[in-house]
Amino acid sequence: MKRLRCGTAPEPGCLQAWAAECEALAGRWRAARGSAYGGAAAAARQMRGLPPALPMMPLELTVLYNSLLFVMGTSDCAIKGEAEGIRQGLLRVLEACGTSGQDLSTQELWQKVLQEVTVEELQAPLHRLGALQAAWWLATSCLQNIIDLFRLLSSAEDPERAPCRAEKNELLTLLKAWRTPAEEASVSLVQSTEDLKETLCTAAAFLQGLQELEAGNLSTTLCLLQEAAGGFCSKRVLAQIYVCLGCCAQRMGKPQTALQHLKQALQVDFQCHPALSHTAAVYHELGETDAELQALYLLYEAVEKNPPSATSSSPYFLIRAELLVNTPILASLLRHHHPSEVKYLLAQRCLRDGRVADAVEHYLDFLSLLQEGLQQQVPLDGGSPLPRIPEVFLEAASALEQDGRHQDSLTVCDEVISRTTNLIPKIIQVEEKLEQPECASLETGLAGGLLSQKRESLCCLTWRAAAYLHQGWVWSKLGKGKEAIMQFSRCLNDLLRFQPRGCGVEPAESLLPEVKVLQKIRLLSLIGRGMQFLEQEKHKEALLDFQHGLQISPDDPAAASYLVQVLWKLNRKEEAADYWQKYLESPAGEDGQQERQGRHFPLYLDSCLKQATFPQNESLARCIQDYLRTTRQDSSR
C-alpha cells in the first residue's frame, strides 16, 4: 500500500492542537457520558472547513467517527444527518486523493473509495467509518447494502472459526469474518471498533430473526434469535430477545418452551413487562386460568408501581443494539400495557371464567378510571385489548346482573342508552353483507367516509339495543314481567331503525359483523318477550314471538324448543310433534350447537344467551314421544 505524502498538510502544530483537543473531548466523554457531543461536532466542522489533505485524513476520519458516534448514540434512532456526514467524509477522502464522486450513490461511493484509495494509514479509519455506515443501514433495515459493503471490507473469512448454524446467514458470516482494524488511532475512540462489531452482529441477528418471525419462518427465527441471545447487548435487549424467543416457541406450538424463555426474560430484567403479558397469553392458550390471572395480577402491580424504564442496565455504549433494531413487529411484541388495559383484561378473563364477583370488582375499578381521563392513559390504537367503551359498560352490566346487583346493572345500561341516543339516526340503511373486493375502493374518499359513518351508527344502535335487552332480562329475573316486556319491546322497536339494502337472504358468513350481532339481539329479545308472555299465559302472543325468532335463526334450538312448548299448550299437537322431529330429536347436539353459536358473539351477550336457553323439560318430551308412538300405531292399523 502507498504511504502518505507530505507537503499538503497544515502546520504540524495545528494537527497536534486538533489531536489534543479531540483527545480531551474523548476523555471528557468517558468521564461525563455525553457532555462532549457539542465539542466533537465543532471539531469536525473546523476540520471540514479546511481543504482536504492526505496527511490530516486519518485524524479527520477519526474525529468524524467520534462525532457521528455522539450523534447516533445521543438520539433514539438513526438520523439522516449521520448518513450525510459519512458521505461527506468519503468525498473529502476522494478529493484529497485528487478525484471526486459527487454523482455517485452512497453504495457506489464506498466501492470507489475502497477500491481506489490504497493509502495504508487510511485503511483503519475507513474500516471504522464503514462499521458506522453498517450501523446506520442496519437501523434502516438496508441489509443488502451492508452485505455489499462488508464484501469489500473483508479480505477473507477466519478459517479457525468453528462453524455455527447461524453462519449460514451471509450477513452474519461477513460481519464475523471482518477483521477490525488495530486500535492505533491518533485520537482515542469513544467506542472501540471491536465493541461496535459485536453490537452489529447481535443487532443483525436480532433484526433478521424478527423479519423471519414476521414471515412465518419459525425454525430460522429460532436460530437467529438464539444467536442474538448469545451476543453483545444490554440486559434490557437480552430480555427482549427472550420475549421474542418465547413468542416464536408459542407459534411453533411449544407453550412450555415459550414459558421457559419468558421466565428467562424476567430473570434478566424484572421490569420486562411484556414478558408477563405474553406469559398470561400462553397460560390462556393452555386453559390454565389460575396461572393466567396470577400473571395478569403481577403485570398490573408492575405497570402501576414501576413504569418501564427507557435506560439500559448495562455499561453505557453509544451504539447499542436497541438503537439499531426498530421494527413494527418488535414494537407490537413489546407493546406496553397501561394499568387500565390490564385491569380490563382481568375483568374480562374473570367474567369468561364465571368468577363473577371478581369480574364486578375489576369492571368497577376500570369504570372509575374513566372519571380520571382514560384517553390520557390508553393509546386508542389497534393494538389495545380494550374494546369500544360502550361494550365495556355492557360487559360490566352483565357481570353486575349475574352477581345479583340488578339495580346497578340497570343503571349502567341507562348510561349506555343515554350516551348513544343522540348518535343514532331514525333510519340506518347500509348493505348488510361484507364489501366485495371490487367495491374496496369505496373505503377511500367521501364514499368510504359515509360507509364508515353508517357502520358507526350501526354500532351505536347495537349497543343501545343490547342495553335494552339486558334490562329486559334483569326485570325478568326480578319477576317484573310488565317491565321486562316493555324493555324487550323497546329493543325490538329500536332494531326497526336498521333497514338492510341487501337483495334476498344473505349467507350468514357474508354478513357484516354488526348485522350478525343485531340479528342475535333481535332473536334474544323475541325469546325473552315470548317467555314473559308464556308466564302470563298469553300463548298466542308468545307463539308469534317464537315463530318470528325461528324465522330469524331457523336452526336455533331455544326458539324451536319454546315454539314446541307453546304449540303443545295451544293443543296444536301435530305441529308441535313436527317441529320436535325437525329440530329437537338430538338434545345432546343442540346444546353443543348453542355453545358454539355463543362463542361468535360479544362477551356482553353471554348472560343473555344462557338465560334464553330452553330448560330441560322431560315431561314435555315424554308427552310428545307418547303422542308420536300413538300416532304411528294408529296409522299402522
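Visitor: In which loop does S141 lie?
Guide: This is a predicted model, in which local features need pLDDT of at least 70 and side-chain atom pairs count only at pLDDT 80 or more, while totals for chains, interfaces and linings use all residues. Residues are numbered from 1 along each chain as its sequence is written, and side-chain values use heavy atoms, with hydrogens and water left out. Helices are DSSP runs (H or I, at least four residues), numbered from the N terminus. S141 has a positive phi of about 60° although it is not a glycine, and its place is the loop between α6 (120-139) and α7.

Visitor: Is N571 buried or exposed?
Guide: N571 is found in the loop between α25 (557-569) and α26 (573-583). Buried means under 20% relative accessible area, exposed over 50%, and partly exposed in between, with a 1.4 Å probe and protein chains only. The relative accessible area of N571 is 55%, so N571 is exposed.

Visitor: How far apart are the axes of α10 and α11?
Guide: Axes are lines fitted to C-alpha atoms, for helices over the stretch in contact, and angles run from 0 to 180 degrees between N-to-C directions. Helix α10 (residues 218-229) and helix α11 (residues 235-251) pack at an angle of about 160°. That makes α10 roughly antiparallel to α11 (over 145 degrees). The distance between their axes is 10 Å.

Visitor: How do the residues of the contact of α10 with α11 divide?
Guide: Contact means heavy atoms within 4.5 Å. Among the residues that meet are L218 and L222 in α10, and L238 and I241 in α11. Ala, Val, Leu, Ile, Met, Phe, Trp, Tyr, Cys and Pro count as nonpolar, Asp, Glu, Lys and Arg as charged, and the others, Gly among them, as polar. The contact of α10 with α11 divides into 11 nonpolar, 2 polar and 1 charged.

Visitor: At roughly what angle do the axes of α13 and α14 cross?
Guide: Helix α13 covers residues 273-286 and helix α14 residues 289-305, and their axes come within 8 Å. Residues that meet include L276 and Y283 in α13, and L296 and L299 in α14. The axes cross at roughly 160°.

Key
Helices (H or I, at least four residues) and strands (E, at least two) are DSSP runs, numbered from the N terminus. Angles under 35 degrees count as roughly parallel, over 145 as roughly antiparallel, 65 to 115 as roughly perpendicular and the rest as oblique.
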